[in-house]
Amino acid sequence: MIEISAYYFGAIALIMIGLYAVLVKKNLLKMLVGLSIMETGVNLLLISIGYINGKSAPILSEGIGPKQAVDPIPQALVLTAIVIGVATTAMALSAAIILYEKYGTLNIEEIRRLRG
Amino acid sequence: MNGQYASLLIAIPLISAFFVPVIKAASKKAVMPFLVLVTAAQTAAAAWVFNEVYTTGKPIIVMAGAWRPPVGINLYIGHFAALFVFIVAAVSFLLSIYNFKTIKIEPIDKYAMLFLLLMLGATGMIATGDIFNLFVFMEITSITAYALTAYNKTGEAAEASMKYMILGGIGSSFFLIGIAIVYGSLGTLNMAQIAQLAGSMNATAAQAGLALLIFGLAVEAELFPLNAWAPDAYQAAPHPVTVMFSAFVVKAGLYAAARLLYIMQSVGSWHSVLKLVVIMATLTVLVAEFSALRQRNVKRMIAYSSISQVGFIALALALGTQAGVDAGVFHMVNHAIVKALLFIAVGYVAVELGGAEMENFRGLGRRMPITAFSITIGSLAVIGIPMFNVFWSKLRIILATVDVGYTWAAALVLIASVVEAVYYLRLLHVIWFEGSGERITESAALGAIMLLLVALVIVIGVYPDYVWNLAQKAGADIFNVAQYIKNVPLMGVGA
Amino acid sequence: MVSILKRSLAIITILIIGYWLAVAMSHVPFGQDKMLVGQYYLNHVKDQTGAINAVTAIVVNYRGFDTLGEVTVLFIASTGVGALLWKRKRERTARVPGSVVLTTGTRFLFPFIVLFGAYIFIHGHLTPGGGFPGGATIATGFLLLYMAFTVYEIPHKGFEVTEGLVGMSYVAVGLIGLLIGSYFLYDWIWQTWHVGTVGKLFSGGFIPIIYILIGLKVGTELSGIIDNMLKEGVSGND
Amino acid sequence: MINEVPIILFVPIVAGILAWVLDVKGVRELIGLAGAVIPVAYLIKVYPTVADGKSITYALTLGSFNMSFTLNTMTWYFAIIGAVLGLTMALGMVSTAKSGYNWLFALMSFTAVLGVFTAQDFVSFFLFWELMTFASFMMVLKYNRHASLKYFILSVIGAYAMLLGIALVYARTGALDFATISQVFAKDAQLTGLSGMGYHATLTFSRTDMILLFTFFLTAFGVKAGAFPLHVWAPDAYSETDQSYTTFFSGVLSKAGVYGIFYVLLMMMGAKLYFSLGTFHGHPLFLYIIAWIGAITVVVASFLAVLQEDLRKLLAYSSVGQVGYILLAIGTGTALGFSGALFHVLSHAIFKGLFWLVTAAVILRTGKTRFEDFGGLAEKMPITFAMGLVAVLSLAGIPPMAGFASKWLIYEAAIQAHMPLVAGAIFLGSALAFAYVVRFLYSLWFGQRPSDLDDVKEAPAPLLVGMGILGILNIVFGIAPGLVVEYINKLFRKPVITGNYYKMITPNGTYNALSVTLVLIAGIVIAGLLYVYGARARKVPVTDTYQSGNPVTEEYNLSIRRNFYRPLAEALDFWLKYSWDRFYERLGQLSEDFADVLRKSVYNGNVQSYSWYLAIVLLILALWGVL
Amino acid sequence: MNFDVRLVLEVIGMLLYATFMGFIFMGIERKAMARIQRRVGPPIYQPIIDTLKLLGKKESISHGFIYDFGPIFALGASITALLFLPLANFQLFSSNADLIVVAYLLEVPMLGIMLGAMSSGNPYSALGVQRGLLTMVAMQLPYGLAIIAIVQHFGTFKLGEIVALQQVHGWSILVPALLLAMIVFDIVFQAMIGLEPFDIITAPAEISMGPMLEYGGKQAAILFTQHAVQLFAETAFFAILFLGGASNLLELLIKQIAVLFIAIFVASIYPRFTIDQAAKFFWKWPTIIGIIAVLLTV
């Protein structure tokens with residue numbers, strides 16, 4: 001069996017839970033929630049990559065020199081990724097609103113006018 | 001002007017997009033003309049960059065904030081990017097005129113912003129030299145695309161958009177995981193540096209990372225079976241947006257995938273990844289062409305055709321040879337022109353006759369002769385008739401494919417091409433030899449646009465050398481990774 | 001039956017994929033120093049940007065392009081939501097007015113929330129936070145207003161114009177850099193003039209300026225999204 | 001550098017485009033005609049050069065492919081056939097073409113065919129090949145969608161097979177020009193020959209490669225030549241277009257396939273194919289296959305031609321059958337056979353061209369195509385009838401005609417090559433040819449004339465000129481086959497067939513066309529004397545015939561117009577149940593259904609399924625990564 | 001070709017001889033048939049009388065130029081075919097054309113007859129034409145195979161050489177393969193000279209002489225003459241190919257009559273086939289035998 005950190009495990013587990021929701025849930029909103037969970041998992045994964053044992057946040061105020069800080073880049077990336085996630089979710093939700101208006105349902109199996 | 005002004009390519013659309021609300025507050029009518037202005041400016045800037053890159057023969061490295069890579073993010077406007085940024089800008093310019101006729105649904109100001117941002121996203125994706133920045137631009141592109149797909153606000157549009165979002169969301173998540181793995185292994189995000197260090201990655205991690213990156217991009221690049229969103233989105237999106245999808249959005253994805261593929265070529269399992277992409281590309285071509293065969297909606301039919309052509313390009317890019325990449329780039333250019341032409345014409349018909357159903361095309365030759373002529377030339381070009389541009393790139397692709405030994409792939413895509421010929425020719429028959437109707441006055445501006453594209457198709461078809469040279473240079477830009485690394489002025493951080 | 005089959009298939013699938021990811025990640029050791037470019041940032045952040053928050057410095061300065069893109073993404077979201085939910089005439093349809101506690105609390109808290117948000121983005125280069133959290137905080141204030149008052153609406157036009165102007169200013173700041181330092185998004189304030197002392201409020205080059213802009217922008221955009229989502233089209237239209 | 005070659009090549013298409021753009025009645029005909037005359041004139045001008053064995057080359061670079069076009073002894077022969085037919089086509093089209101569209105694509109295919117014949121590298125060969133397919137397809141599309149699609153699909157399958165072949169050659173040799181590739185093949189053939197003797201060498205092309213190449217190119221050329229079983233497009237396509245154009249279409253375009261087989265399969269890779277594929281009963285296997293394809297094509301197409309009820313279809317099947325003769329002759333693998341094939345290329349072009357012009361004239365004047373609607377036109381269109389008779393005599397292989405000379409060579413070649421069954425096919429085929437041309441004669445020209453054809457006029461002058469050219473050529477080359485044979489000998493750089501202008505001497509046979517002609521004339525004169533000696537004849541109408549004592553009125557139809565060869569169909573009923581055409585149609589239908597199923601099940605509209613696709617890809621990646 | 005007086009005389013003499021003998025053959029045919037059927041039959045010279053009578057008719061009708069030209073062409077072609085055969089010691093033009101040419105020339109008269117018949121406009125004639133052509137189609141395959149067998153065996157197309165080789169090595173029919181070929185050829189021969197069971201083309205009782213139906217007067221006379229010449233040429237052809245040719249006219253005549261009698265016997269035994277039966281028949285046994293013959297001689 002492989003050795004894997006709990007943080008990684010947690011992040012991957014979140015991603016997989018999200019994927020599971022997307023693959024199984026019939027309700028559109030639940031699928032979107034699944035997507036969000038995936039994004040969260042990815043963000044967690046990303047940020048846990050930057051962690052270095054025993055170091056603190058990369059704010060170089062008193063007592064924390066360049067050698068005492070964790071990798072700042074993943075944090076910056078995650079900041080961006082979160083915003084992107086928010087944007088996607090917002091878009092998805094507004095599309096869902098329209099869908100509900102036009103189809104009267106959020107069941108994914110009934111939203112199938114475009115096919116073939 | 002120094003090369004850093006190439007950053008205007010990003011700045012112009014962005015600042016203009018932000019300016020739109022201000023303009024709208026002043027006069028709502030000014031929005032569309034403003035769009036024309038901006039795209040014209042962008043085209044001018046892109047033309048300047050293009051000229052600069054191709055005359056000096058050196059790429060322009062835009063370093064944001066004066067930080068040398070890998071510390072800062074750099075834009076790498078090499079031969080490929082210069083060429084494609086120009087295509088993006090020029091197509092957008094044409095579309096900004098096309099918008100007048102096709103976009104009637106409010107709110108137009110929002111549409112204008114999204115339009116500019118889609119252009120921006122594609123430009124950025126093509127130009128960037130940083131893998132995370134690529135992700136950001138990819139998201140800009142795709143979120144704009146989601147919004148624009150649903151722009152018509154019909155049920156179909158929202159449905160298509162939703163499909164696109166879910167698949168795109170999954171794709172981008174996994175892409176990000178890929179980034180995480182790469183960053184975690186190498187500690188850098190700069191593509192040139194990744195290329196330098198890729199060989200030192202742990203084989204398993206590298207394989208997974210590369211696979212995930214390609215997976216994420218393949219969703220954007222419409223490779224089967226990750227392209228299920230594409231026909232719906234193409235069909236439901238407003239016509240200019242469809243043109244953009246086909247002409248450059250998907251190309252940006254393809255380019256990004258190709259770029260990542262080649263910079264990671266020292267990864268152990270590189271060849272297997274290539275083979276995988278070849279298989280997917282071949283399947284893309286096959287499935288898309290067969291799906292288009294009985295299509296009753298012409299726009300959707302052409303969408304399928306577009307997907308299949310994308311498969312062609314992906315096939316060429318994944319061959320792993322210089323010839324293949326050159327051919328792929330050449331096909332990208334040709335496909336951008338031809339599909340822009342087709343979608344513009346079909347969209348125009350749909351606007352004038354109330355839908356892109358096959359029935360509306362009966363007697364089109366008599367009703368809208370210029371449009372019908374454009375569709376004809378476009379279709380013939382796609383089929384690969386000589387004297388039209390696609391012929392050359394298809395020929396190149398097949399030669400390159402067999403050269404690598406993928407005779408089966410070449411055979412399969414050619415079979416698919418036969419199918420393609422069938423449905424296009426059926427369309428042509430419907431247009432010219434069936435039905436009739438009263439003449440419709442065609443818009444002069446659109447006629448001019450279409451004829452311009454027709455002229456391009458024919459000129460490249462008759463004299464392909466110029467574009468082929470461009471494509472060769474652009475192909476070398478993608479393929480020659482050593483040169484790429486050399487071109488990026490990496491500062492010696494860590495390396 | 002089908003559902004069970006599907007579920008079990010899904011579970012098997014995600015287990016395999018998860019296992020694969022785990023295997024891949026196991027080669028990216030956790031908690032170890034893998035920094036390459038990161039270390040460079042930590043070493044030079046103070047003298048090169050004048051900020052002590054390395055993350056902020058990276059976000060705004062070193063990787064300014066990302067942030068520009070990020071702002072754009074949010075802008076797209078707001079525009080997109082606006083475009084999708086656009087109706088010729090829209091109204092709020094909330095029926096139940098907020099309770100006394102809520103309304104009073106909101107009235108009382110709103111200025112502080114805004115202030116706090118402002119604080120966050122102004123001090124972005126010194127403390128954790130920055131434009132995005134700050135803007136989000138401000139938007140929470142407006143959300144509170146929406147929840148408390150059934151008729152409340154943000155001043156759309158003003159918000160939209162602000163959004164645009166602020167965004168333009170951001171790009172303009174970048175372009176000024178291009179003019180002064182001949183690099184886009186060049187930190188002309190710090191690198192040219194070295195304004196301020198490291199660790200104090202007036203430092204960090206253009207980080208505070210950009211964060212203020214971002215804060216405003218995020219605030220207005222998120223508020224706009226909230227507004228759009230809360231309203232519904234009046235019947236008979238579209 | 002501009003020499004004759006580019007002029008010959010590009011004048012027609014330029015003229016076509018001009019005619020299409022201007023599209024003024026009168027002007028477009030003039031331009032089109034000019035576009036067809038100029039190549040002929042220039043080709044005649046360069047005749048002394050090519051006859052000397054020199055060649056004229058025109059090279060250009062397009063898309064960084066080096067292309068070259070050469071007129072040499074070989075290519076000139078095909079080019080002049082194409083050009084003359086093109087000229088007659090243009091003459092015909094002056095009368096029959098109603099729009100610039102026809103001129104554009106007819107002349108485009110003119111250029112394309114010349115390009116195919118003169119190309120010296122695979123790129124230009126393929127380019128013009130495609131152009132040719134496309135132009136001819138457009139000519140058919142205007143008249144019939146189904147026929148044109150069938151034609152196009154098969155052609156494109158062929159073209160793509162060729163493309164694969166080209167790509168394979170390119171992959172192995174890195175070259176695209178014929179000269180280099182020929183050298184590589186020649187060298188490789190030697191090595192293969194050596195390795196057969198126990199000497200080990202690394203070969204450029206393996207046996208599998210050669211089998212692939214042979215299949216690819218044979219498919220490509222077979223489609224265009226209309227070889228069995230890829231012939232099904234031909235009858236429909238030949239008939240569903242402007243009949244003046246069919247002159248060219250059937251007379252020349254099908255020869256492109258023959259040219260390809262001759263040039264690529266035989267001259268370029270013949271030796272290599274021979275060594276790689278081995279022999280069968282002493283014949284090189286690949287030639288044996290070609291010969292049998294030819295033989296089957298002859299028999300099948302001729303049988304079907306006999307049974308047709310439509311004038312155009314009959315001629316179309318006949319075209320297919322005649323091309324079968326050419327393939328068969330090539331398949332004999334002897335110099336004599338090749339000579340016969342080349343000669344038959346010429347004679348088929350001129351007699352079938354003549355046939356189609358006659359058909360064009362008839363259809364133009366009557367507007368009918370089915371045999372049951374015709375009759376008694378000989379009186380109304382005597383010159384056309386005379387020309388039709390020449391064509392009939394030539395096709396049926398009546399001695400002093402071009403058709404006989406070439407057929408005779410093929411007989412000799414096939415029998416001498418010890419391919420008796422194949423030769424038997426020729427006997428059968430020529431009897432069938434006899435049968436179907438008689439049908440042509442009877443239904444069109446003789447018998448009782450339907451009353452609605454009473455005011456039919458003689459064919460228009462340009463058409464008559466076109467027919468005249470071809471008719472005279474038929475007779476000239478028939479009486480003096482040496483003219484052609486002498487030229488063909490130059491191709492082989494040795495006298496394959498000796499003799500003089502009138503006499504052909506093969507190793508084991510002779511044919512003196514002039515003496516046959518003279519004796520025939522003498523015989524006719526003798527018979528004529530007998531006739532003159534007899535009492536004067538009184539002319540009576542056609543209906544005034546013996547009818548077992550039954551008086552017949554004018555309205556009573558005395559001609560057998562429908563199902564003329566019914567008994568044959570009855571004798572063949574077992575075989576007629578099977579049809580390749582139907583087979584292909586069904587195949588097409590099947591693939592369309594398949595496409596439907598695929599489309600509906602893959603793109604089923606459910607985004608969850610789509611997500612599953614993604615998951616499956618991930619799963620595959622995962623399995624591949626983990627395992 | 002230089003003008004050769006001797007050749008001209010030979011040609012004229014041979015034509016007269018052949019025509020005369022051809023008529024006699026026709027007479028023999030009728031007489032023998034009658035004798036077999038236990039009738040008296042007309043005198044052997046009856047065809048000559050018939051022909052002269054027809055030629056002497058005061059008036060004949062014509063359906064147009066082709067109607068007249070058809071028989072003339074047919075006769076001309078028959079004469080041509082005849083003159084290219086090496087008849088005994090008379091080589092005539094035979095060095096100018098070989099087996100294939102002659103085989104073709106022997107079919108050309110058919111075209112003339114067809115032309116004339118078709119232009120007559122009589123449906124029976126048309127039927128005759130159809131039957132004639134179908135018979136030809138049917139018989140051509142075995143016919144071709146027989147000829148191929150000959151050529152393959154002797155390795156030459158030249159009739160003169162074939163005759164010479166037979167004179168040296170013995171008759172063709174002594175070779176087993178060529179015997180088979182001869183059998184095939186003999187079956188075909190019935191059809192060539194229009195006798196039962198393959199007299200489908202004229203089928204007197206069914207379609208009233210088919211192609212010849214409309215003809216009377218001088219045209220009919222020409223057709224009779226043509227038939228005579230053709231009969232002579234074909235029997236000679238048979239003799240040349242299989243019976244070792246001849247060194248003088250008498251020998252040739254004997255062989256021709258022998259051939260003729262075989263044909264007559266066969267004809268009087270078998271009833272007429274319908275046309276599709278004929279086709280099926282020809283494509284079955286004669287073809288198979290022919291294939292065996294050619295494969296044996298490869």
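Predicted model: local features only at pLDDT ≥ 70, side-chain atom pairs only at ≥ 80, totals over all residues.
Student: Why is D:Ala19 called buried?

Tutor: The cut-off is 20 or more other C-beta atoms within 10 Å. D:Ala19 has 29 of them within 10 Å, so D:Ala19 counts as buried. You will find D:Ala19 in helix H1 of chain D, which covers residues 4-22.

Student: Which residues is D:Ala19 in contact with, leaving aside its neighbours within four places in sequence?

Tutor: They are D:Arg28, D:Ile31, D:Gly32, D:Gly100, D:Trp103 and D:Leu104. Here a contact needs C-beta atoms within 7 Å. As for D:Leu33, its C-alpha lies 9.9 Å from that of D:Ala19, and the two residues are 14 apart in sequence.

Student: Let's move to chain B. How do you know that the span of helix H2 of chain B agrees with what its 26 residues should give?

Tutor: Set the two values side by side. At 1.5 Å a residue, residues 31-56 should span 38 Å, and the end C-alpha atoms are 37 Å apart, so the two agree.

Student: What covers the buried residues of H2(B)?

Tutor: The cover includes helix H1 (8-26), strand E1 (60-63), strand E2 (74-77), helix H3 (79-102) and helix H4 (108-127), which belong to chain B. Among the buried residues of H2(B) are B:Phe34, B:Leu35, B:Val38, B:Gln42 and B:Phe50.

Student: How do you know that the radius of gyration of chain E agrees with that of a compact globule?

Tutor: For 298 residues, the rule for a compact globule gives a value near 19 Å; chain E has 19 Å, so it agrees. The C-alpha atoms of chain E fill a box of roughly 55 × 50 × 40 Å along the principal axes, and 63% of the residues in chain E are buried. Among contacts in chain E with a separation of 6 or more, 79% join residues 24 or more positions apart.

Student: What makes up chain E in terms of helices and strands?

Tutor: Chain E has 13 helices and one strand.

Student: What makes E7(D) and strand E1 of chain E a pair?

Tutor: A pair needs at least two bridges. Three bridges join E7(D) to E1(E), residues 60-62, and the strands run parallel, so they meet the cut-off for pairing. Within this pairing, D:Arg538 stands opposite E:Ile61.

Student: How many residues does each chain bring to the contact between chain D and chain E?

Tutor: Chain D brings 63 residues and chain E brings 72. On the side of chain D, H18(D) gives the most, with 13 residues. By class, that side of chain D has 42 nonpolar, 16 polar and five charged residues.

Student: And how many residues of chain D are in contact with chain A?

Tutor: Eleven residues of chain D are in contact with nine residues of chain A. H25(D) supplies the largest share of the side of chain D, five residues. That side divides into four nonpolar, five polar and two charged residues.

Student: Which domains is chain D divided into?

Tutor: There are domain 1 (1-198), domain 2 (278-544 + 553-562) and domain 3 (579-626). The centres of domain 2 and domain 3 of chain D are 51 Å apart, taken over C-alpha atoms.

How values were computed:
Residues numbered from 1 in each chain as written. Chains lettered and ligands numbered in written order. Contact = placed C-beta atoms within 7 Å. Helix = DSSP H or I, 4+ residues; strand = E, 2+ residues; numbered from the N terminus. Nonpolar A, V, L, I, M, F, W, Y, C, P; charged D, E, K, R; others polar. Buried ≥ 20, exposed ≤ 12 C-beta atoms within 10 Å, placed from the backbone. Expected span 1.5 Å × (residues − 1). Domains from an automatic or database assignment. Rg over C-alpha atoms; globule rule 2.2 N^0.38 Å.
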